[in-house]
Amino acid sequence: MTSTQLRKAFLDFFEEKGHTIVPSSSLMTDDPSVLFTTAGMQQFKPYFLGKKSPYGKRVCSVQKCLRTSDIDEVGDESHLTFFEMLGNFSFDDYFKKEAIEWAIEFLKEKCGLDEGKLWFTYFEEDKESKQILLDLDIPEDKIFSFYKEDNFWGPTGNKGPCGPTVEIHYDLTGKSCSDDCKPNCECGRFVELWNLVFNEFYQDDKGKLSPSKQKGIDTGLGLERLLAVMQKKSSVFETDLFEHLGSSRILADHIKSIVFLATEGIIPEKIGRGYILRRLLRKAIREKGDLIDLAKKVIEMYKNIYPEVKEKEADILTVIQKEKESFGKALEAGKKEYNKIKGAITGASAFELYSTHSIPLEVTIAWAKEDKKEIKNIEEFYELEKKHKEISRAGAEKKFGGLGKEADSAEAIKLHTATHLLHSALRQILGDNVQQMGSDINSERLRFDFSFGRKLTNEEIKKAEDLVNEKIKQDLEITKQEIELKQAVKSGALSFFKEKYPDNVSVYAINDFSKEICAGPHVKRTGELGDFKILKEKSSSAGVRRIKAILK
Ligand SMILES: [Zn+2]
Ligand SMILES: [Zn+2]
């Protein structure tokens with residue numbers, strides 16, 4: 001089956017089950033908690049909350065989505081910035097039984113997948129879903145329960161519909177890596193295909209769950225992943241959605257996002273959505289390939305599904321051409337600066353060219369080689385770049401996610417203070433090379449990304465958890481001090497935000513255990529936090545680990 005046939009098969013299948021086919025919504029969502037549309041349910045959010053749906057109670061769609069949190073991971077087997085999500089939705093109509101049954105039926109009957117390779121996960125408290133799976137003759141040893149972190153969805157933002165999920169995973173290799181090998185294992189054996197969300201709760205802005213007045217189904221099935229499985233390809237890049245692009249993975253992925261972002265009228269800029277487009281464009285330009293030609297191929301590939309790409313063809317090509325020119329000018333200006341450098345090229349001078357003229361390190365090195373200039377202390381570049389990335393990432397999260405969007409939730413504030421404790425605990429246990437690489441907090445859990453080269457041992461995780469709990473038990477006061485940025489940095493306060501912050505900043509200290517430049521807010525004393533529990537420690541990207549934790 002080709003991608004075109006698969007989209008049609010999905011929509012036909014659910015149309016036969018009484019669903020109205022609704023076209024994809026724009027990539028630019030008005031949901032303030034995200035920059036771009038990342039899931040099919042976004043355009044249907046009001047209907048889950050009781051607003052009458054003009055399409056009836058059952059709908060299905062193929063939604064174009066853009067996810068930028070994985071931008072640095074693109075190029076491996078599964079990470080994409082632009083992708084399409086197949087989904088079926090029910091607003092106060094059918095519920096778990098039909099959703100699960102139809103999902104299995106579709107994968108088996110229409111996609112031709114071997115039922116024996118389908119594995120299932122469910123939320124531990126949702127015994128109903130487990131029973132439904134057993135009633136469908138799914139063997140018990142292919143059904144696994146997980147906690148909230150893996151099998152409970154939502155809400156997006158700090159309030160809204162949410163509920164338990166059932167996930168359908170596909171067994172790619174049939175080979176166990178260990179006695180504990182099951183869906184969600186990181187060994188690469190399983191790929192998550194379909195997420196079925198059962199919206200049966202409503203969470204208010206205080207984090208309180210109550211049964212929702214109406215129940216809803218929200219599902220998401222990644223088109224590219226399913227296609228790779230069906231076409232027996234080892235990566236999405238070998239499917240018909242990519243093979244005609246015949247370029248590097250990064251370029252093949254980025255050119256799609258570029259085309260679809262430009263279709264929306266977004267232009268390259270220094271901030272917000274335009275910044276994402278510029279970043280993708282400049283990375284693509286460096287990948288050596290004919291961007292204009294590739295963009296035309298992408299437009300041809302998608303014009304029958306999303307006619308707007310064809311309508312906007314001229315605009316799209318202009319955006320690409322103009323950015324190529326302005327990046328070309330940046331290169332020219334950078335070369336002039338470069339020519340002024342006397343003696344060896346160092347990591348610091350290469351970084352200066354990078355930060356002021358966007359000259360990538362590879363380009364600077366190539367220039368130096370041409371000129372037979374000496375290159376030394378190049379590792380300094382990576383240190384400076386890392387620091388710079390942390391600052392801009394933290395800044396972006398502050399603006400577009402993280403605590404910024406729900407600073408008024410009491411739970412989120414507690415989790416934010418817990419994040420500071422965790423950060424210091426990790427540095428104390430693993431060493432000062434641990435640095436914050438990102439953080440995302442909602443009223444349910446914290447997520448903390450940090451630089452570290454390997455998986456943490458169970459003892460290390462336990463130690464970190466214990467140390468945070470010890471500091472909570474000591475009921476330490478959190479103090480805030482407004483000082484000059486320079487002074488704050490000098491005092492050893494962790495300073496990921498320093499470029500984004502004004503000359504005077506606030507420093508939050510927890511006794512002498514933690515000290516961070518931060519906009520807050522925080523609780524008054526650590527005793528308010530309750531029990532700290534690490535749910536998960538896993539890889540986030542190369543050299544970066546991710547911890548998810550909660551307060552009980
Ligand atoms: Zn495994
Ligand atoms: Zn903070």
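Strands here are DSSP runs of E with at least two residues, numbered from the N terminus. By that reading, S506 sits in strand 15, which covers residues 504-510. Keep in mind that this is a predicted model.

**Zinc site**

- Three protein donors hold the zinc ion (ligand 2): H416 through NE2, H420 through NE2 and C518 through SG, at 2.1 to 2.3 Å from the ion.
- Along the chain, the donors of the zinc ion (ligand 2) are spaced as H-x3-H-x97-C.
- H420 belongs to helix 15 (residues 410-430), while C518 is in the loop between strand 16 (514-517) and strand 17 (532-541), so this pair ties together parts that are 98 residues apart in sequence.
- H420 has a relative accessibility of 3%, so it counts as buried.
- C518 is buried as well, with a relative accessible area of 3%.

**S506, a contact of C518**

- Setting aside neighbours within four places in sequence, S506 touches K480, Q481, E482, E516, I517, C518 and A519.
- One of those contacts, C518, is also a donor of the zinc ion (ligand 2).

**Helix 15 with helix 16**

- The axes of helix 15 and helix 16 (residues 458-473) come within 9 Å and cross at roughly 130 degrees.
- That angle makes helix 15 oblique to helix 16.
- On the helix 15 side, the contact uses L421, L422, A425, L426, Q428, I429 and L430; on the helix 16 side, it uses E460, K463, A464, L467, V468, K471 and I472.
- Sorted by class, the contact of helix 15 with helix 16 has 10 nonpolar, one polar and three charged residues.
- As for handedness, helix 15 passes helix 16 in a right-handed crossing.

**Helix 9 with helix 11**

- Helix 9 (residues 291-302) packs against helix 11 (residues 313-340) at an angle of about 155 degrees, and their axes are 10 Å apart.
- Helix 9 and helix 11 are therefore roughly antiparallel to each other.
- The crossing of helix 9 past helix 11 is right-handed.
- Helix 9 brings L291, I292, A295, K296 and I299 to the contact, and helix 11 brings E313, I316, L317, I320 and Q321.
- Seven nonpolar, one polar and two charged residues make up the contact of helix 9 with helix 11.

**Helix 7 with helix 8**

- Helix 7 (residues 249-263) and helix 8 (residues 272-286) have axes that come within 9 Å and cross at roughly 145 degrees.
- Here helix 7 passes helix 8 in a left-handed crossing.
- The residues that meet are I250, L251, H254, S257, I258 and L261 from helix 7, and I276, L277, L280, L281, K283 and A284 from helix 8.
- By class, the contact of helix 7 with helix 8 splits into nine nonpolar, two polar and one charged.

- Y170 is part of strand 7 (residues 160-171), and at 9% relative accessibility Y170 counts as buried.
- What does Y170 touch, leaving aside neighbours within four places in sequence? The contacts are L113, K117, L118, R189, F190, V191, L193 and V229.
- Y170 and L118 are 52 residues apart in sequence, with their C-alpha atoms 4.9 Å apart in space.
- G50 lies in the loop between helix 2 (45-48) and strand 2 (58-66), and G50 is partly exposed at 45% relative accessibility.

- Going from G154 to P155, the peptide bond is cis, with omega near 0 degrees.
- P155 is in the loop between strand 6 (152-153) and strand 7.
- N184 is not a glycine, yet N184 has a positive phi of about 80 degrees.
- You'll find N184 in the loop between strand 7 and strand 8 (190-203), where N184 is partly exposed with a relative accessible area of 27%.
- N511, another residue other than glycine, has a positive phi near 50 degrees.
- N511 sits in the loop between strand 15 and strand 16, and N511 is partly exposed, with a relative accessible area of 49%.

Key
Residues numbered from 1 in each chain as written. Chains lettered and ligands numbered in written order. Predicted model: local features only at pLDDT ≥ 70, side-chain atom pairs only at ≥ 80, totals over all residues. Heavy atoms only, no water. Axes fitted to C-alpha atoms, helices over the stretch in contact; angles between N-to-C directions. Helix = DSSP H or I, 4+ residues; strand = E, 2+ residues; numbered from the N terminus. Parallel < 35°, antiparallel > 145°, perpendicular 65-115°, else oblique. Left-handed = near helix turned anticlockwise from the far one by under 90°. Contact = heavy atoms within 4.5 Å. Nonpolar A, V, L, I, M, F, W, Y, C, P; charged D, E, K, R; others polar. Donors = N, O, S within 2.8 Å, 3.2 Å for Na, K, Ca; no water. Buried < 20%, exposed > 50% of the residue type's maximum accessible area, 1.4 Å probe, protein only.
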